[in-house]
Amino acid sequence: MILENNMTLTRRKVLVFGGSALAVGSLAGAPAFASLTDNAIAEMTGGAEIGEGAITLSAPEIAENGNTVPISIDAPGAAAITLFADGNPVPAVATFNFGPLSASRSASTRIRLAGTQNVVALAKMEDGSFQRASTNVKVTIGGCGG
Amino acid sequence: MAKGVKPRVKVPKSASAGETITIKCLISHKMESGQRKDGDGKVIPRSIINRFTADFNGENVIDVTLEPAISTNPYFQFDSVVPESGEFKFTWYDDDGSVYDTRKKIAVS
Amino acid sequence: MNLKLWISFGAAALATSAAAQDSNDLVLDGNAFLTEIAAPSHMENVDTIYSGWRFRTSETQALQSDDFDNPGMIFVDQAIDLWAKVDGSEGKSCASCHENVEDFAGLRPTLPRVEEGELVTMENIINECRTERMGAEPWKWSKGNMTAMTALIGLQSRGMPVNVAIDGDAAPFWEKGKELYYTRVGQLDMACSSCHEDNYGTMIRADHLSQGQINGFPTYRLKNAKLNSSHGRFKGCMTNIRATPFKEGGEEFKALELYLASRGEGLVVETPSVRN
């Protein structure tokens, strides 16, 4: 349209073009970004119904540094638990597969969070059903190490 | 082999048969995420431990797939059943093909 | 004014952080570590001194409450290997002269100290061994092998109260350190005291300000996932207030280290501590 009305395409107009494309891109990008986790979960569950309540996800409400955030998961009867961080560039964090000698179906680890976001745990239970838990972790920046 | 990699493992020395014990494992590793850039703006290639396993007398306890979001010096804590005396074997798999392992014996009465 | 009251100030800035300091007892292997004590008499503006551990969230505190969970111990392990490693022209390791690192119990709380008119820190002592007796290259002040070794040697004194000499030969160095502590520098025109004396316990943006005690150094920081020297930390503070930092290992930072150590007199060595 702009090109039709005015055949001289200035540098500024190209920038406007680029800018609006970028704006649309980032608007569309935001929800798409968050759903990377949903997509991954949908792929794992094959669209099966996901229950809640049989899995516990423990994480600090506020993390002093996003580099090392302690996380614990506990889902009695789980065969495997996958952790996601929905605001990280790559949401997948880890998958714990419990072997025959695993006692409780629980584990703790330390993870990186790029900023304040939701941590999601998806458990595949031994009966083939799925359980989900999610918690928000606020990540603060700064620190003096004294 | 990545530099300065050193596993640390905490397993009780003894337990009673069928008891649940808690195990802690830590390995020194940078876990370079592949998201960072160096001073020249070039992406520093990903170099992480991508898998960790714990087995007891050849039977699996836990098998973990790690992504770059696992912190530097990966730490895991988990529970195991110990049916008889034997040996735990802990194995870490590095992106660069290196495999690090360490073993711990436990006496079961 | 007690810490809890201060924390409630901080809590107003970041409402949910108040619970973080509920655990006031640092217990390691069944031994309770003292984390607060009456300030030494030379401190005019502070009544009670607190370990930096008290200002961290319960999750960060927990990392220091178990030696396996403490990532700083990875580097202590590395230093145990370094201790026995031969280096330099004389074919010696630390172990060639010092059979047991345990023999250094009691050293950390007395450093820095004056030797033959010079103020020396643990880094100076280690490097003197390397250059004079091992014929090896000195280690850089804040590099991994140095911070690992200062952690291993410092650990031998864990639980012992800080007790540096500030009189006699040490007096001029201590005075210099004190002057630096109260001198405003940088584009933000701040002194050490602006944050760590006048405002400890409050929030600076999202961070809970401590008293800037150094009894836990070298400290493992979650921020960079490694051990950090006290001089490295001073440098970071100076950069944060947009000042040109002094040199690590230089006369200014050594004097400041002595003065800060003296502000922690009576607190116990926590090396290697864990901070954010």
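**Chain interfaces and a helix pair in a predicted model**

Chain B and chain A bury about 2200 Å² between them, with carbon and sulfur atoms giving 53% of that area; buried area is the accessible area (1.4 Å probe) that two parts lose on being put together, summed over both. This is a predicted model, in which local features need pLDDT of at least 70 and side-chain atom pairs count only at pLDDT 80 or more, while totals for chains, interfaces and linings use all residues. Residues are numbered from 1 along each chain as its sequence is written, chains are lettered from A in the order in which they are written, and side-chain values use heavy atoms, with hydrogens and water left out.

**Chain B with chain A**

- The contact (heavy atoms within 4.5 Å) joins 29 residues of chain B to 26 residues of chain A.
- On the chain B side, B:A69, B:S71 and B:Y75 lose the most area to chain A, together 24% of what that side buries.
- There are zero salt bridges between chain B and chain A, a salt bridge being a side-chain nitrogen of Lys or Arg within 4 Å of a carboxyl oxygen of Asp or Glu.
- The interface of chain B and chain A has 18 residue pairs in polar contact, both residues at pLDDT 80 or more. A polar contact is a pair of N or O atoms within 3.5 Å; within protein, one must be able to donate a hydrogen and the other to accept it, and residues adjacent in sequence count only if both atoms are side-chain atoms.
- Strands (DSSP runs of E, at least two residues) β3 (19–27), β5 (59–66) and β6 (75–82) of chain B each supply at least two residues of the side that touches chain A.
- The largest contribution to that side is from β5(B), with eight residues.

**Chain C with chain B**

- Here 13 residues from chain C meet twelve residues from chain B, and about 1100 Å² is buried, 55% of it on carbon and sulfur atoms.
- In chain C, C:F68, C:I74 and C:D77 lose the most area to chain B, together 57% of what that side buries.
- Five salt bridges cross the interface of chain C and chain B.
- B:K24 and C:D66 form a salt bridge through their side chains (3.2 Å, N to O).

**Helix pair in chain C**

- Helices (DSSP runs of H or I, at least four residues) α9 (residues 230–240) and α10 (residues 251–263) of chain C pack at about 100 degrees, with their axes 10 Å apart.
- α9(C) and α10(C) are therefore roughly perpendicular (65 to 115 degrees) to each other.

Notes: Axes are lines fitted to C-alpha atoms, for helices over the stretch in contact, and angles run from 0 to 180 degrees between N-to-C directions. Angles under 35 degrees count as roughly parallel, over 145 as roughly antiparallel, 65 to 115 as roughly perpendicular and the rest as oblique.
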